[in-house]
Amino acid sequence: MVEAVLLDLFSLPANSQTNIQGLLCNTVETIEKCSSIPAPFVYVMFCQRQGDERNSEQESSLPDLRVFQSLKKRLEVVHASTAAAALYTIKQRLDEKDLSVIKVILPTLRKDLMKVYIDHLFTPVYQFEFEDLQVASDCKNLQIAEPQSEEQPSSTLDVALIRSEIQRYLESLPSLKGELTILRSSLIPGDIFLHGFTTRTGGISYIPTLSSCNLFSSSKRRDPQVVVKENLRRLANAAGFNPETFRRVKIDHGNAVCIMGKTEPDSYDGIVTDQKGVTIAAPGADCIPVLFADPVRKACGAAHSGWKGTLLGVSMATVNAMVSEYSCNVKDILVVLGPSVGPCCYKLPHESAKEFHRIDPKCVRLFDSARPYIDIRRATRVLLESGGILPENIQDDSVTDQNQNITFCTACHPDKFYSHFRDGTNFGTQIGFISLKE
């Protein structure tokens, strides 16, 4: 069932701007009479051309719309200089109200272009249906400008132009929740490696559970890939790496490892490289982003270690890949565990807890309960030490100097980190990243 209606009048020609009231009244009347549900939210997008006085124009248009009593405060006119800006503003309104089923009423020849904008600015969480804009017969002076070209409107050139327009708009947005912050470990030598763990500040994601430096997009979340890409661009500028040579793991909650320069697996939770200037990364939103650095052989790695990956030994699998591919000595490899859910908050069913108890009984608290507390960090350390990593070469929350601690509990710090455990399905993601300096 339609939850909102988007009326696209962005292609209204300049000589019709003075007749906005008539067009709005006719189209909104149709929406009010024909809507499949009582009084959906209605958003009308207009082009704000140079010299327009937005406020005065909006004020002169809205009084005539108040006759539609069933809509009341459910109608909003959005003026913007670009379609990207108008649609992004409307997306914010939809997200504020948690709306996801939208009917788009627009000129026929605008449909393909609108679909390109929607594909870039929205995710599969949203459902769109399209309806051709009908202009009332008694409103003959109101015409919608259509593209003059007979070519397909969604040509390669048009798509590139739309992408560029969206990128420019997103780059112009202010950072949210303060400055972009990167946590760094003193264990990894800064003269050889560039590395860090991100927090949730300094990006443009605005949805509360994703705000603001979310670095992962999926079909189940409301942050589109273009927003994540802009957040990554800002991170790259702050950290000093090239976003074009950035690679993150393709999560499967397993123990497969990708060797940079070799055939890429379909999915993998570990990645290693000895190539300079290539930044590799692993995400985490309770799962552990683990970074690996060998300052002797000049190689590095990153792994995503959730409870399944921990039990499958993804961290040691990453170490073993560095040893086999780059002749690293396991005693030279430095390992840092990033922000992740702590044993203070994380619970698993008793059957899964048994597996951690076998690794080390100290990994489980309240073992006899139905859902014991689990310490996946300690399990990771125990497995790494069993594989030959020196205890002093592992940094986690067991550090004696808490000023050096960067392995914070993600669930306990909502102001600093994302947490799936805490925030539910529409959660954000931070990352750990590392590269060899050029």
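Reply: Across the whole structure, a search for disulfides (pairs of cysteine sulfur atoms within 2.5 Å) finds zero. Cys300, for example, is in no disulfide, and the nearest cysteine sulfur, which belongs to Cys328, is 9.6 Å away. Cys300 has a relative accessible area of 0% and is therefore buried; Cys47, at 11%, also counts as buried. Here buried means under 20% relative accessible area, exposed means over 50%, and partly exposed lies in between, with a 1.4 Å probe and protein chains only.

The model is predicted: local features need pLDDT of at least 70, side-chain atom pairs count only at pLDDT 80 or more, and totals for chains, interfaces and linings use all residues. Residues are numbered from 1 along each chain as its sequence is written, and side-chain values use heavy atoms, leaving out hydrogens and water.

Next come the strands. Helices (H or I, at least four residues) and strands (E, at least two) are DSSP runs numbered from the N terminus. Five of the five residues of strand S1 (residues 4-8) are buried, so S1 is largely enclosed by the rest of the structure. Ala4, Leu6 and Asp8 point one way from S1, while Val5 and Leu7 point the other way. In a regular strand the side chains alternate between the two faces of the sheet. Two strands pair if DSSP finds at least two bridges between them. S1 pairs in the parallel sense with strand S4 (residues 101-106) over four bridges, where Val5 has Lys103 as its bridge partner. S1 also pairs in the parallel sense with strand S2 (residues 41-47), over five bridges, and there the partner of Leu7 is Val44.

Helix H5 (residues 156-172) has 17 residues. Its buried residues are Val159, Ile162, Glu165, Ile166, Tyr169 and Leu170. Seen down the axis of H5, these fall within an arc of 125°, so they line one face of the helix; the arc is that of the directions from the helix axis to the C-beta atoms. The face turned away from this buried side carries the exposed residues Thr156, Leu157, Leu161, Arg168 and Ser172. The buried residues of H5 pack against helices H3 (83-96), H4 (111-121) and H6 (225-239), contact meaning heavy atoms within 4.5 Å.

Finally, the structure holds 22 salt bridges, each a side-chain nitrogen of Lys or Arg within 4 Å of a carboxyl oxygen of Asp or Glu. One of them joins Glu351 and Lys354 at 3.1 Å, N to O; both residues lie in helix H9 (residues 350-359), three residues apart, about one turn of the helix. Glu351 counts as exposed at 54% relative accessibility, whereas Lys354 is partly exposed at 28%. Another salt bridge links Arg378 and Asp360, with the closest N and O atoms 2.9 Å apart. Arg378 lies in helix H10 (residues 376-386) and Asp360 in the loop between H9 and strand S15 (364-365), so the pair ties together parts that are 18 residues apart in sequence. Asp360 is buried, with a relative accessible area of 14%, while Arg378 is partly exposed at 30%.

Conventions. Expected span 1.5 Å × (residues − 1).
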